[in-house]
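Notebook open, two chains to go through.

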Amino acid sequence: MVTEKDCFNIKKLIIDSATLGGEGHLSTALSEVEIIATLCQRHGVELNRDFESTLFILSKGHGALGLYATFLYFNLLRGDLPNEYNRVESKFKNHPNPHLIPQVIYGSGSLGNGIGFAAGIAKARKICKRVQDVYCLVGDGECNEGSVWEIAQFAVANNLDNLTVIVDNNNLQCVDRHSVLTGNLNLKVAFESFGWHATEINGNSLHEINTTLSLFKKIKNKPKVIIAKTISGFGTKTMLDDVVWHYKTPTIEERDQAVKELENHYL
Amino acid sequence: MRRALCETLNYFCNEPRDLVLLTGDLGFGTFEEFKLANPNRYINVGIMEQSLVNIAAGISSQGYLPVVYSIASFLTSRSYEQIKLNCGYNDLQMILIGAGGGLTYEKSGATHHSNEDFALMGTIPGMQLFCPSTPSQIKSIFGLILNNRTSAYIRIGKYGEPEFPNHSKVNKDTGLTEIRGTSASSKLIVSFGKSWNIFDLELSGYFLENSCDHININNLNGDSIEKLSEIITNYGTIFILEEHFEFGGLYEKLRKVHQNRESRIIRIGPSFNYQKLQVIDHKNGKSLGFGVKTIKELVESPN
């Protein structure tokens, strides 16, 4: 199982890379680590090995830094992220590019589309009877998009029990809170109303993520969604639950302070 | 034309890749045969054009070749970003079928017209662009598309489109068809896709009386446009007839090639306006918003 120390190492890599790269979408990168790390640990190098393997689609493309750092840590990727991230000539763009990094599978960045791509894969695997599952991470802000709810219908109508969507429900969007912009939409109830099997968990709890993914393997005949209640900037105090870190790049001093806070939290 | 599409899908359903047909809840009664033969490979996703294309992309990634069917205006406009994202950026091949293209749904109003579909699809790198002129052309167009690895957009009509007259000279590779050639005329009509059939209307008399040659093209792809460009250099006046706005269609492509030449290139097509009535009344042989009076004047005028 993924450890607290693993999370520390990945999040330190994220903060270092954002500081040196001058860009980060830090709040979302830090909130999603436990989710991506758990999937990496459960599937190892078979995750995103090719289009026929168990697949993880990052629909919220602005979470690329969290994806890179976690994939690097689990040896699914290679590279010097702090010195390459967000550089013009680098493969580590601030949204994932499948032509530069085949392991990211899908070039996302425009919200509300990766979930449809994931559903298409799940449907195709039903046709050809391929058993590997498809996982898709979407943001709660991304759920503003109507196309997410188109797929909410399609996945139920086609019994896509090989599709698991995980919503990174950190309640922060670009400039405002998800709860404010949606009138306190309850995502679990919303997905359930479409016919999904939905579970709400602490999305920064490694144990809860792992346990839920194991339980989900037994759920048949309907798509599944985890509403992962996360906290943006989780593990730090400096960047905790503050919308400014969607865009802000840390100074060296802020980086040092945040890493100290990570140490205190995880080690 | 839709019947020919279904026959073509049945013909190519397993070669060279397994086709998966996706529809946005359209094509009533059109695909029954394909559905019966391939129940797992017929998917009605419902009325969700954005997701129609995203789902097709996922299916494409698993080794199938998706054929995506919807009304042309909805497919190309509403799903434009998804087509750019999946076919352009993520390089996932699919065949997009835009039904009822141009002014086919003339009486339904601007929501159902697609006079900008080729302009939009032409911005997607690698997208092959086809507009079959007759039902029998659909099969040969599919054959050309399947030889490539890039996505394609095909605008089709609906039912009942005629075949070319028997004397027409068809070139399947370039998609060019000589419908009428006198070799002595200085005037040429170039029709795009099924718009050649508009000449069944009152216009045909004027063009015949003025000895206009007539050639038709069923695509906007590089080699064919190049060949057509060579042909039109032999004429002083060229009339481009297309159900498309003036940018991004056949007219603009030929204008670019011939911008420094003396030939007059005159476009006959819908006006650039969503609010003005645009109708081709096949029953009564009249058109509105298609510049009929101007055509008569132009045809009768000297070069």
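**Helix pair in chain B.** I started with who touches whom: Gln50(B), Val53(B), Asn54(B) and Ala57(B) of H3(B) meet Gln82(B), Ile83(B) and Asn86(B) of H5(B). Contact here means heavy atoms within 4.5 Å. For the classes, Ala, Val, Leu, Ile, Met, Phe, Trp, Tyr, Cys and Pro count as nonpolar, Asp, Glu, Lys and Arg as charged, and the others, Gly among them, as polar. Helix H3 covers residues 49–61 of chain B and helix H5 residues 80–89 of chain B; their axes come within 8 Å and cross at roughly 10 degrees. H3(B) and H5(B) are therefore roughly parallel to each other.

**Ground rules.** This is a predicted model, where local features need pLDDT of at least 70 and side-chain atom pairs count only at pLDDT 80 or more, while totals for chains, interfaces and linings use all residues. Residues are numbered from 1 along each chain as its sequence is written, chains are lettered from A and ligands numbered from 1 in the order in which they are written, and side-chain values use heavy atoms, with hydrogens and water left out.

Helices (H or I, at least four residues) and strands (E, at least two) are DSSP runs, numbered from the N terminus. Axes are lines fitted to C-alpha atoms, for helices over the stretch in contact, and angles run from 0 to 180 degrees between N-to-C directions. Angles under 35 degrees count as roughly parallel, over 145 as roughly antiparallel, 65 to 115 as roughly perpendicular and the rest as oblique.

**Chain B sheet.** I traced an open sheet of six strands with parallel pairing, in the order S2-S1-S3-S4-S6-S5 (chain B). Two strands pair if DSSP finds at least two bridges between them. S2 (42–44) and S5 (128–130) of chain B are the edge strands, each pairing on one side only. Neighbouring strands are turned by 15 degrees against each other on average, direction ignored. Helix H7 (residues 137–146) of chain B packs on this sheet, touching S3, S4 (95–99), S5 and S6 (152–155) of chain B, and its direction makes about 175 degrees with that of S5(B).

**Chain A sheet.** Here I found five strands in an open sheet, order S1-S2-S3-S5-S4 (chain A), again with parallel pairing. S1 (55–58) and S4 of chain A are at the edges with a single partner strand each, so one side of each is left without a neighbour in the sheet. Strands S4 (residues 197–202) and S5 (residues 224–229) of chain A pair over six bridges, and Glu200(A) has Ile227(A) as its bridge partner in S5(A).

**Helix pair in chain A.** How do H7(A) and H9(A) lie relative to each other? They are oblique: the axes of H7 (residues 146–157) and H9 (residues 187–194) of chain A come within 9 Å and cross at roughly 45 degrees. This contact has eight nonpolar, one polar and no charged residues.

**Interface.** Last, I checked how the chains meet: the contact takes 24 residues from chain B and 27 residues from chain A. They bury about 2,100 Å² between them, 57% of it on carbon and sulfur atoms; buried area is the accessible area (1.4 Å probe) that two parts lose on being put together, summed over both. Met48(B), Gln62(B) and Tyr89(B) lose the most area in chain B, together 28% of what that side buries.
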